[in-house]
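Subject: Structure handover

Hello,

Here is the structure for you to look over. My notes follow below it.

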Amino acid sequence: MLPRPQTGLGLVGAVFVIVVVSLLSLAMSRMLEADKLTFSYEILGLKSFLAAESGAQLGVNRLMPPGAAGTCSNRTFTFEAPALRFCTATVTCNQTAAGGENFFTVSSRGQCSAGEFVASRTIEVRVSP
């Protein structure tokens with residue numbers, strides 16, 4: 001007696017399931033990688049915002065130090081604290097007069113880098129002595 005030919009779909013079904021599961025796992029890994037990259041950009045953007053804010057505060061403090069006369073000057077600050085490592089703040093100060101009063105505009109541009117990624121934020125503060 002001759003053996004009967006196979007008529008089931010077991011092998012085809014198994015290959016189909018393996019292909020579908022492989023594609024799903026590949027899609028999931030790519031989504032997780034994109035989420036990780038997005039989170040890194042958010043952290044870098046926050047660090048550059050904090051560097052800009054720190055630079056603006058340092059600029060205002062140089063402009064109006066407690067108990068002394070300050071100067072309106074441009075300067076670049078490099079931060080050494082672990083939280084703001086690889087970050088700088090470029091501070092510019094401009095004086096304008098309006099309505100008989102002098103105003104100072106302190107602009108601070110914080111920039112942070114992590115490898116090939118760079119983020120920057122700018123903050124402006126207007127001060128009247």
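In these notes, a disulfide is a pair of cysteine sulfur atoms within 2.5 Å. Please keep in mind that this is a predicted model.

**Disulfides**

The structure holds two disulfides. One joins C72 to C93, with an S to S distance of 1.8 Å. The torsion about the S-S bond of C72 and C93 is about -115°, so this disulfide is left-handed. C72 sits in the loop between helix 1 and strand 1, while C93 belongs to strand 2, so the pair ties together parts that are 21 residues apart in sequence. C72 is partly exposed, at 31% relative accessible area. C93 is buried, at 9%.

The other disulfide links C87 to C112, with S to S at 2.0 Å. Which hand does the disulfide of C87 and C112 have? The torsion about its S-S bond is about 115°, so it is right-handed. C87 is in strand 2 and C112 in strand 3, so this pair ties together parts that are 25 residues apart in sequence. Both C87 and C112 are buried.

Number the bonded cysteines of the chain in sequence order, and the pairing reads 1-3, 2-4.

**Helix 1**

Helix 1 covers residues 10–63. It has 54 residues. From its first C-alpha to its last it reaches 79 Å, close to the 80 Å expected at 1.5 Å a residue.

Which residues of helix 1 are buried? They are L44, G45, S48, A51, A52, G55, A56, G59 and L63. The buried residues of helix 1 pack against strand 1 (75–78), strand 2 (87–98), strand 3 (101–114) and strand 4 (117–127).

Now the nonpolar surface. L11, V15, V19, L23 and L26 make a nonpolar surface patch of about 480 Å². V15, one of these residues, lies in helix 1. Its relative accessible area is 45%, so V15 counts as partly exposed.

**Salt bridge**

How many salt bridges are there? The count comes to one. The side chains of E33 and K36 form it, at 3.5 Å from N to O. Side chains of opposite charge can pair when their charged atoms come close. E33 and K36 are three residues apart in helix 1, so about one helical turn separates them. E33 is partly exposed, with a relative accessible area of 46%.

**Backbone at F86**

Check the backbone at F86. F86 has a positive phi of about 70°, although it is not a glycine. Most residues other than glycine have a negative phi. Where is F86? It lies in the loop between strand 1 and strand 2. Is F86 buried or exposed? At 62% relative accessibility, F86 counts as exposed.

**Strand 3**

S107 is placed in strand 3. At 15% relative accessibility, S107 counts as buried, because the cut-off for that is under 20%. What does S107 touch, leaving out residues up to four places away in sequence? Its contacts are T90, V91, T92, T122, I123 and E124.

Best wishes

Notes. Residues are numbered from 1 along each chain as its sequence is written. Side-chain values use heavy atoms; hydrogens and water are left out. Patches are made of residues with over 30% relative accessible area and no salt bridge: like charges are joined within 9 Å, nonpolar side chains (Val, Leu, Ile, Met, Phe, Trp, Tyr) within 5 Å. Accessible areas come from the Shrake-Rupley method with a 1.4 Å probe; for residues, only the protein chains shown count as cover. A salt bridge is a side-chain nitrogen of Lys or Arg within 4 Å of a carboxyl oxygen of Asp or Glu. Helices (H or I, at least four residues) and strands (E, at least two) are DSSP runs, numbered from the N terminus. Buried means under 20% relative accessible area, exposed over 50%, partly exposed in between (1.4 Å probe, protein chains only). The expected span of a helix is 1.5 Å times one less than its number of residues. Contact means heavy atoms within 4.5 Å.
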